[in-house]
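Here's a friendly walk through a protein model for someone meeting it for the first time. Have a look at it, and then we'll go through some of its parts together.

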Amino acid sequence: MSRTSRPRRLSASLAAATLALTSLSAATAYAAPAADPTPGPLMNYVLNTKASPGHVRKVEDAVKRAGGTVLSSYRDFGVVVAQSTNANFKVDVRAGRNGREVQSVGATRTAAVSEGAQTGLNSVDETAATPVLDPRESEQWDMVQIKADQAHNVTDGSRRVLVGINDSGVDDTHPDLAPNFDARDSVSCVKNGVPDQTPGIWRPTTSPHGTHVAGTVAAARNGIGIVGVAPGVRIASVKVVNDDGFIYPEYSICGIVWAAEHHMDVTNHSYFIDPFQFWCKDNGDQGAVQEAVRRAYAWATDRGTLSVAAAGNSNYDLSNKTTDTTSPNDSTPVSRTINNNCLDMPTELPGVITVASTTQARVKSSFSNFGLNKIDVAAPGSSILSTLPGGGYGLMSGTSMASPHVTGIAALLKSTHPWWGPRDLERALQREADDTACPATPDARCTGTTANNAFYGEGIADALDAVHR
């Protein structure tokens, strides 16, 4: 992903009538009860319950009684994010009458919370940025491959379309990004998954990744630098990567909920959620987290937000999972046996567009994950020229770079078909992709047909065909 493909290394509507229009994400802090829990490290947890204000309130109470603090409550899909230093929190939170409302509870990481109490591109999947002097649009071979240069004769995209860059932050002062940047809807979620709109908090601090992704999506057509796939749409920064390069579940949940609440039409996710490359349904903590994240993304899809994600940079067959030797990455990795119920999130979640990477020669990038019926489409991801913090430009590689090409095409589709929802956009992206056959030299990993195979899914994304619909 980078591993942000890594890099490749991101409410109360059912309450009584008087509360029907209240905000979904009530990130309210609750004081812990006067209890004497067993001291342990500061940890964050997700708790799943029934999607109703009443059930969520009971779980919030159970959290307090177990010596925890509620960080965020998502009443529309029944998820509570909590924090506690109680070593027995997962047991204690299920005690008592309200504890029975907890369907599942899981720690979101294996190491103690590094950002402190509330009052995670882990491994980078891209190559080092290479400064480019006096860059020009003619250097963007990637735009030619997906026919974005021709699509721009039809549309550059609509100002009504808003795209969320769920990543490590976006440098909104970059001259190629400033014309399209929406500060009002930008946010940071890297303090325990609680939204923070402090001015500038959405900017990058340690990684150029999000700024590079943003340029591919929507660098402005302004006579300087480069041009994005959708240079006429607006972008917002949804920062979900912390200064240590981690994207924890609560960050990603916060980011996708924020995007949906702020009416973002498309979001780009060039990362996988830490600390597990694959979150397994049959594991207690991991299963609870998988369910919480699934609910959040499903809710956002239902609200009209399409999610596009990088497939990952491990050259791994997502349709035939066997082992994982890299997780957890925030403490000590262990080798474990896994199966197809273990998901790379968010890219393998239902309704999320999974994007593999191609080279300039229109073949699978060596690092790109693959898998029959796992990859939706492919797009350029090797040596991609885009924006860097501080007004610069550079080359990066990874499925992190492939995903924003498809995000940009989705934004063009939304511009020409404003009445379309996420499922309409998904079908169009798949239908209009250029069928791409498996390599002429037989590769047993590339199963399927020319129309749909493990390396390219439905094919290489096509911006021109998409906007001509």
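What follows is a tour of disulfides, a helix, some aromatic rings and one threonine.

A quick word on the ground rules. This is a predicted model, so local features need pLDDT of at least 70 and side-chain atom pairs count only at pLDDT 80 or more, while totals for chains, interfaces and linings use all residues. Residues are numbered from 1 along each chain as its sequence is written, and side-chain values use heavy atoms, with hydrogens and water left out.

Let's begin with the disulfides, meaning pairs of cysteine sulfur atoms within 2.5 Å. By that rule there are three. Count the bonded cysteines along the chain and they follow the pattern 1-2, 3-4, 5-6. Take Cys189 and Cys254, whose sulfur atoms are 2.1 Å apart. The torsion about their S-S bond is about -65°, so this disulfide is left-handed. It links distant parts of the chain, 65 residues apart: Cys189 is in the loop between strand E7 (187-188) and H6, and Cys254 is in helix H7 (residues 249-261). (Helices, H or I with at least four residues, and strands, E with at least two, are DSSP runs numbered from the N terminus.) Cys189 counts as buried, at 0% relative accessibility; buried means under 20% relative accessible area, exposed over 50% and partly exposed in between, using a 1.4 Å probe and protein chains only. Cys254 is buried too, at 2%.

Another disulfide joins Cys280 to Cys342, with 2.0 Å from S to S. This link is right-handed, with 105° about the S-S bond. Cys280 lies in strand E10 (residues 279-280) and Cys342 in strand E14 (residues 342-343), so the pair ties together parts that are 62 residues apart in sequence. Then there's the bond between Cys438 and Cys446, left-handed because its torsion is about -80°. Here Cys438 is partly exposed at 25%, whereas Cys446 is buried at 9%.

Now for helix H6 (residues 209-218). How many of its ten residues are buried? Ten of the ten, so the helix is largely enclosed by the rest of the structure.

On to the aromatic rings. Rings of Phe, Tyr and Trp (its six-membered ring) pair if their centres lie within 6.5 Å; planes under 30 degrees apart count as stacked, over 60 as edge-to-face and the rest as tilted. The structure holds ten such pairs. One of them is Phe77 with Trp299, a tilted pair at 5.9 Å centre to centre and 45° between the planes. Both of these residues are buried. Phe370 and Phe455 make an edge-to-face pair, 5.5 Å centre to centre with 75° between the planes. They sit 85 residues apart in the chain, with Phe370 in the loop between strand E15 (352-358) and strand E16 (377-380) and Phe455 in the loop between H10 and H11. The ring of Phe370 also has the charged end of Arg445 over it, 5.2 Å from its centre; that label needs CZ of Arg or NZ of Lys within 6 Å of the ring centre and within 35 degrees of the ring normal.

Finally, find Thr436, in the loop between helix H10 (422-432) and helix H11 (463-467). Thr436 is buried, with a relative accessible area of 10%. A polar atom of its side chain lies 2.9 Å from the backbone oxygen of Asp434.

How values were computed: Polar contact = N/O pair within 3.5 Å; in protein donor to acceptor, adjacent residues only side chain to side chain.
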